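Subject: Structure for your review

Dear colleague,

Please find below the structure that I am handing over to you. My findings follow it, and I would be grateful if you read them with the coordinates open.

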Amino acid sequence: VLTRFLKDELPVVQKAIDSAADAAEIWASEGPEAAMNRFNPSSMEEFGGVMRLYEALFLIESGKAATDWEGTEGALLGILEKHGGEVRQKAYYEERKLAYPVKGMRRGAYLLVHFDAEPLVITEIHGDLNLTDAALRTMITVVEGEELPELKAIGNAEPTTPKTREQ
C-alpha cells in the first residue's frame, strides 16, 4: 500500500515507470540478465535523487547509554550516514523504566533522530540496524511535510544531553 506521492516525487515516479516498461521489453527480447544489467539503478540519483525527511527512534539499553553513549550514538548515526542519510537534528531522552521487557531489558534510553535519505535506502538501513546490537528496537517513519518537527517530550521525558556514570 502506497501513500500519495509528493509533487516533487511525481517526475521521479514517471521516469521509473517509463524505465520499467523499457526494461520489460528488453527482458522479453534479450533476457533477464540483459534487462537487469541495463536497468537496475546503482542509486536513486539516476532517478533524480529525491530525499525525504524521516524520524528514527532508537531504544538503547540503559547500560550502553550510561557507559558508552558516544560509541552507541556513533554506531547508529554511522549506519544512517553510510547509506547517504543526512542527520538534521537529534535528541537524547534519559533512561526510564520500560512498560515491558525488551530483549530481557527493563530500562532503556531513547535517541530520536530526524534525517534526510533516499527512499530506496530505508530497507538497507533497517537491515544494517538489525545486525547491530547498538539499539534494542528501532522505528523509522516518514515525516509528512518538509518542515523539521520541533523536539518535544516523549511521555514525561524531555530531550536532554546524555550523562555518563562518571558525571
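A nonpolar core, as the term is used here, is a set of buried Ala, Val, Leu, Ile, Met, Phe, Trp, Tyr and Cys residues joined through side-chain atoms within 4.5 Å. Please note that this is a predicted model.

In the largest such core there are 23 residues, and those touching the most other members are Phe58, Leu76, Phe115, Ile125 and Ile140. Two or more residues of this core come from each of E1, H4, E3 and H5. A separate, second core holds eight residues, among them Leu59, Ala91, Tyr93 and Leu98.

Leaving aside residues up to four places away in sequence, leucine 76 touches Phe58, Ile60, Leu111, Leu129, Ala134 and Ala135.

Turning to the overall fold, five helices and four strands make up the secondary structure of the chain. Along the sequence they follow the pattern α-α-β-α-α-β-β-α-β.

The four strands form an open sheet with antiparallel pairing, in the order E2-E3-E1-E4. Strand E2 (86–102) and strand E4 (137–142) are the edges, each pairing on one side only. On average, and with direction ignored, neighbouring strands of the sheet are turned by 20 degrees against each other. Ten bridges join E2 to strand E3 (residues 105–117) in the antiparallel sense. Within this part of the sheet, lysine 97 has arginine 107 of E3 as its bridge partner.

Two helices deserve attention for their contacts with the strands. Helix H4 (residues 69–82) packs on the sheet, where it touches strand E1 (52–61), E2 and E3. The direction of H4 makes about 40 degrees with that of E3. Helix H5 (residues 122–131) lies across E1, E3 and E4, and runs at about 170 degrees to E4.

Some totals for the chain complete the account. The chain has 167 residues, of which 37% count as buried. Among contacts in the chain with a separation of 6 or more, 74% are between residues 24 or more positions apart.

Yours sincerely

Notes. Residues numbered from 1 in each chain as written. Predicted model: local features only at pLDDT ≥ 70, side-chain atom pairs only at ≥ 80, totals over all residues. Heavy atoms only, no water. Pairing = 2+ DSSP bridges. Axes fitted to C-alpha atoms, helices over the stretch in contact; angles between N-to-C directions. Contact = heavy atoms within 4.5 Å. Buried < 20%, exposed > 50% of the residue type's maximum accessible area, 1.4 Å probe, protein only.
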